[in-house]
Amino acid sequence: AAAAGNFAPAEGQSQQKLFSWLFAEDDRPVVLYDGVCNMCNGAVNVALQNDPQAKKLRFAALQSTTGRGLLRFCGRGEEDISSMVVVMPDGQCLLKSEAALYVGKRLEGNAVLRG
């Protein structure tokens, strides 16, 4: 329920179509995280504990098809997994500490995450 879904674009489909598909009926931001990083997975687990109904955020691994497409949408290389990214429903992309602070503020129930 908290996953951003997996968009399987046909050859030539744009990142804009991916973005439109993801946000057509769901305005929760999508948090892109490093899916092979144990610390990152732990942080996602903490976030999910603070949003058990997944009402505030969705998550996708940077390495997933959705993650790579959203990285391109944000103007980053699809292999650039150097930073957490939050993709907002208005098309804005938050990076690095700005992304982490946004997630913390959305999940305001945990002092560690509030920033």
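Q: OK, two strands pair if DSSP finds at least two bridges between them. Which residue in E2 is the bridge partner of Val-31?
A: Phe-59 is the bridge partner of Val-31 in E2. This is a predicted model, where local features need pLDDT of at least 70, side-chain atom pairs count only at pLDDT 80 or more, and totals for chains, interfaces and linings use all residues. Residues are numbered from 1 along each chain as its sequence is written, and side-chain values use heavy atoms, leaving out hydrogens and water.

Q: How many bridges join E1 to E2?
A: Four, between E1 (residues 30–33) and E2 (residues 58–61), and the two strands run parallel. Strands here are DSSP runs of E, at least two residues, and helices are runs of H or I, at least four, numbered from the N terminus.

Q: And which residue in E3 is the bridge partner of Val-31?
A: That's Val-86. E3 (residues 85–87) runs antiparallel to E1, with three bridges joining them.

Q: Are the residues of E1 buried or exposed?
A: Buried, meaning under 20% relative accessible area with a 1.4 Å probe, protein chains only (exposed is over 50%, partly exposed in between). Val-30 and Leu-32 are on one side, Val-31 and Tyr-33 on the other.

Q: Switching topic, how many disulfides does the structure hold?
A: One, counting a pair of cysteine sulfur atoms within 2.5 Å. Cys-74 and Cys-93 form the disulfide, with sulfurs 2.1 Å apart.

Q: Where do Cys-74 and Cys-93 lie?
A: Cys-74 is in the loop between H3 and E3 and Cys-93 is in strand E4 (residues 93–95), so the pair ties together parts 19 residues apart in sequence.
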